[in-house]
Amino acid sequence: MGREESRAERLRQQYYIERMRDAVLEETAETGRAPTYYIETLGCQMNAKDSEKLAGILDEIGYVPASLEDTADFVLYNTCTVRENANLKVYGHLGHLNSVRKKSNPGMKIAVCGCMMQEPDEVQTVREKYPFVNIVFGTHNIFKLAELMYRMRTEDRMVIDVWEGTDEIIEDLPAIRKYPFKSGVNIMYGCNNFCSYCIVPYVRGRERSRDRADILSEIRALAEDGVVEVMLLGQNVNSYGKTLDPPVSFPELLRDIEQIDGIERIRFMTSHPKDLSPELIDVLASSRKICNHFHLPLQSGSDRILKAMNRHYTKEKYLQIAGELRARVPGIAVTTDIIVGFPGETEEDFLETMDVVERVRFESAFTFIYSPRTGTPAAKMENPVPEEVVKDRFNRLLARVQQIGQEESGRDEGRVLPVLVETVNHQDSRMVTGRLTNNTVVHLYGDASLIGKIVPVRLRESKGFYYIGELCRREGQAG
Ligand code: 5AD
Ligand code: SF4
């Protein structure tokens, strides 16, 4: 779809937003209150960003956020399907909503969207077992929410609209940011890597990069609106821009973003080790704004398993990149994802993974038990690892990554470092919570006026995965 067609589609959606707004205004006049919505987001940052877009459309229509899911007029489930337990969670929730609907909230409307709905079997399950669901849509057409809601009002059956794929990128729809001072920014959609265990390429489609100029103008507008931190989002950011005409590289994009006044912190995720260029490490080493944190999924430390996973790198290559990151960018936190129990994984393979953990000393690691996903090559592989063996390996890995994470995360104790304050502390309202550039959480005494500010903090005490800090007042500052 070309630019003109995207523009036409945007106008079409604007039309439905207005129609729905009229309907909501009428309803509000009748009931004396605006309808409410509740969005439950499962899964990754990409889904969180999509939910902000959904919230933006609902806000334009005239819906307001509900404080509780059970009392909302419209509940949306933005689903994840990367592991089986994510799916089970959704069905559990839907069962709960059905009983709420019957007991106390008969007017409740329910939509299910996101990655899980890109799988035809799951849509079929919703259709058969959860017929009270009003709307089902996928990852490619979230911008159509207003149109689907319009159809929900006029059609007396489940509205299902799932696209198999798309080359469409609809820009400039409204979005409501969860935080006023930081924002995710999509730089690309989809994935072409087809790691053999992963369902993402099937549910998010082929890789599509956004135009550099569009990304930069979005970030400039965010900066003008008070955003100081951006998180660039893509399944494989290192291959950003390769298919654009003319091609642009991810390091070039980072250099451009670095020039934008007002943006103080730049984060990105996720990087694939196979595409990590020396040029990217140069940019990291010389940047003032790119955060001291690199998420570099390992998945396995065994060359044999990496090959079966279709990852296109070896243990040696991974160690070399991680070593170079640590050497060139002092203080950088390297974090990772690891899968345990991939088909055919032997104790020897597992020990190779443990060896990488010992050598890289990740500041933190997300550890996952392999979950077969229908339609992926790995789901058809032989030699599943027995459950007790997987559990034992998982526990050994988790204990080690947690121990190393604690040791590494405490290494800045006593130093004064900048913290971006994000929220009032959830446990103690006299405190606030923020993050170092390496992503470590810091709690400190202070009030809500600090939220969104980057302030110097003395890291008094490491508590393992977080610090208790103290605000350092600059000389001459009152109080
Ligand atoms: N089983 C277990 N973990 C998985 N991941 C992706 N697919 C699967 C699967 N089938 C993990 C990978 C990825 C992270 C987002 O989820 O480690 O990096
Ligand atoms: Fe999945 Fe691999 Fe793509 Fe990541 S790079 S989304 S693990 S296929």
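How many aromatic pairs does a search of the whole structure find? The search finds 14 aromatic pairs. The model is predicted. The close-up views below begin with one of these pairs.

**View 1. Tyrosine 15 and tyrosine 16 form an edge-to-face pair.** A pair of aromatic rings is described by the distance of the centres and the angle of the planes. Here the ring centres of tyrosine 15 and tyrosine 16 are 5.2 Å apart. Their planes meet at 80°, so the pair counts as edge-to-face. Tyrosine 15 is partly exposed, at 41% relative accessibility. Tyrosine 16 is buried, because its relative accessible area of 15% is under 20%. Ring pairs also bring in Tyr150, giving a cluster of Tyr15, Tyr16 and Tyr150.

**View 2. Lysine 182 lies over the face of tyrosine 179.** The distance from lysine 182 to the ring centre of tyrosine 179 is 4.8 Å.

**View 3. Aspartate 161 is a buried residue of strand S6.** Strand S6 covers residues 159-161. Aspartate 161 has a relative accessibility of 11%, so it counts as buried. Its side chain makes a polar contact of 2.6 Å with the side chain of lysine 144. Neighbours within four places in sequence are left aside in what follows. With that limit, aspartate 161 is in contact with Val136, Phe137, Gly138, Asn141, Lys144 and Leu148.

**View 4. Ligand 1 sits among residues that include Tyr197, Gln299 and Ser371.** Val82, Arg83, Asp337 and Ile339 also belong to the surroundings of ligand 1. So do Phe368, Ile369, Tyr370 and Arg373. A nitrogen atom of ligand 1 lies 3.0 Å from a polar backbone atom of tyrosine 197. A nitrogen atom of the ligand is also 2.8 Å from a polar backbone atom of serine 371.

**View 5. Ligand 2 has a shell of 7 nonpolar, 3 polar and 1 charged residues.** Cys191, Cys195 and Cys198 are among the residues around ligand 2. Asn193, Phe194, Tyr197, Val200 and Pro201 surround the ligand too. Gln235, His272 and Arg311 are also part of this shell. Tyr197 is listed around ligand 1 and also around ligand 2.

**View 6. Two loops carry cis peptide bonds.** Most peptide bonds are trans. The bond from aspartate 245 to proline 246 is cis, with omega near -5°. Proline 246 lies in the loop between strand S10 (229-233) and helix H8 (250-258). Methionine 269 and threonine 270 are also joined by a cis bond, with omega about 5°. Threonine 270 belongs to the loop between strand S11 (265-269) and helix H9 (278-286).

**View 7. Asparagine 310 and asparagine 383 have positive phi.** Most residues other than glycine have a negative phi. Asparagine 310 has phi near 65°. This residue is in the loop between helix H10 (303-308) and H11. Asparagine 310 is partly exposed, with a relative accessible area of 28%. For asparagine 383, phi is near 60°. Asparagine 383 lies in the loop between strand S14 (364-369) and helix H13 (387-409). At 56% relative accessibility, asparagine 383 counts as exposed.

**View 8. Glutamate 316 is an exposed residue of helix H11.** Helix H11 spans residues 315-328. Glutamate 316 has a relative accessibility of 51%, which is over 50%, so it counts as exposed. Glutamate 316 and glycine 301 are 15 residues apart in sequence. Their C-alpha atoms are 8.9 Å apart in space.

Technical notes. Residues numbered from 1 in each chain as written. Chains lettered and ligands numbered in written order. Predicted model: local features only at pLDDT ≥ 70, side-chain atom pairs only at ≥ 80, totals over all residues. Heavy atoms only, no water. Helix = DSSP H or I, 4+ residues; strand = E, 2+ residues; numbered from the N terminus. Buried < 20%, exposed > 50% of the residue type's maximum accessible area, 1.4 Å probe, protein only. Polar contact = N/O pair within 3.5 Å; in protein donor to acceptor, adjacent residues only side chain to side chain. Contact = heavy atoms within 4.5 Å. Near = heavy atom within 4 Å. Nonpolar A, V, L, I, M, F, W, Y, C, P; charged D, E, K, R; others polar. Phe/Tyr/Trp six-rings, centres within 6.5 Å; stacked < 30°, edge-to-face > 60°. Lys NZ or Arg CZ within 6 Å of the ring centre and 35° of its normal.
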